[in-house]
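Try each task before reading its solution.

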Amino acid sequence: MSNTTTQKRGPITCHVLDSARGIPGKNIEVLLECQQNSVDKEWITISKTKTNEDGRCSDLVSPDYRIQLIKSEEDCKAIYRITFFTTPYFKSFGEESFYPFVQVVFQIKDPTQHYHVPLLIAPFSYTTYRGS
């Protein structure tokens, strides 16, 4: 039997995996910000949420959220920053981590695409990439 209901996702999503334990990074606070303009490069908060039981942020932005590109001298793009507050997560296992938080800054040039930012974490390392 197939599931005919599909949940529409927002244009920006993220996922945290604890690579040291092989489990989802659940209950990690996540902050999404965007540069307001190309001149003063001030960051504005878009959303603040926590990862779910599967380490995902299903509500980082709503499905109808629209990415706004900013024209600069070089090109037209939007700059976003996701901050993952990892210290409380590692403390819940009685561990310290080298990185008190992880910030991933990325640019968007095509607002019609989906942008998925996975984060693999361990107490003394992290890796990120553009997912699908």
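**Exercise 1.** Which side chains meet in a salt bridge at 3.2 Å, N to O?

*Solution.* The partners are lysine 26 and glutamate 53. A salt bridge here is a side-chain nitrogen of Lys or Arg within 4 Å of a carboxyl oxygen of Asp or Glu. Lysine 26 sits in the loop between S2 and strand S3 (29–35), and glutamate 53 in the loop between strand S4 (43–50) and strand S5 (70–71). The two are 27 residues apart. Next, accessibility: lysine 26 is partly exposed at 40%, and glutamate 53 is exposed at 60%. The classes are buried (under 20% relative accessible area), exposed (over 50%) and partly exposed in between, with a 1.4 Å probe and protein chains only.

The model is predicted: local features need pLDDT of at least 70, side-chain atom pairs count only at pLDDT 80 or more, and totals for chains, interfaces and linings use all residues. Residues are numbered from 1 along each chain as its sequence is written, and side-chain values use heavy atoms, without hydrogens and water.

**Exercise 2.** Are arginine 81 and glutamate 33 buried or exposed?

*Solution.* Both are buried. Their side chains form a salt bridge of 2.9 Å, N to O. Arginine 81 lies in strand S6 (76–85) and glutamate 33 in strand S3, so the bridge ties together parts 48 residues apart in sequence. Strands are DSSP runs of E, at least two residues, and helices runs of H or I, at least four, numbered from the N terminus.

**Exercise 3.** Which residue forms a salt bridge with arginine 21, with closest N and O atoms 2.8 Å apart?

*Solution.* The partner is glutamate 95. They lie 74 residues apart. Shared partners join Asp18, Arg21 and Glu95 into one network.
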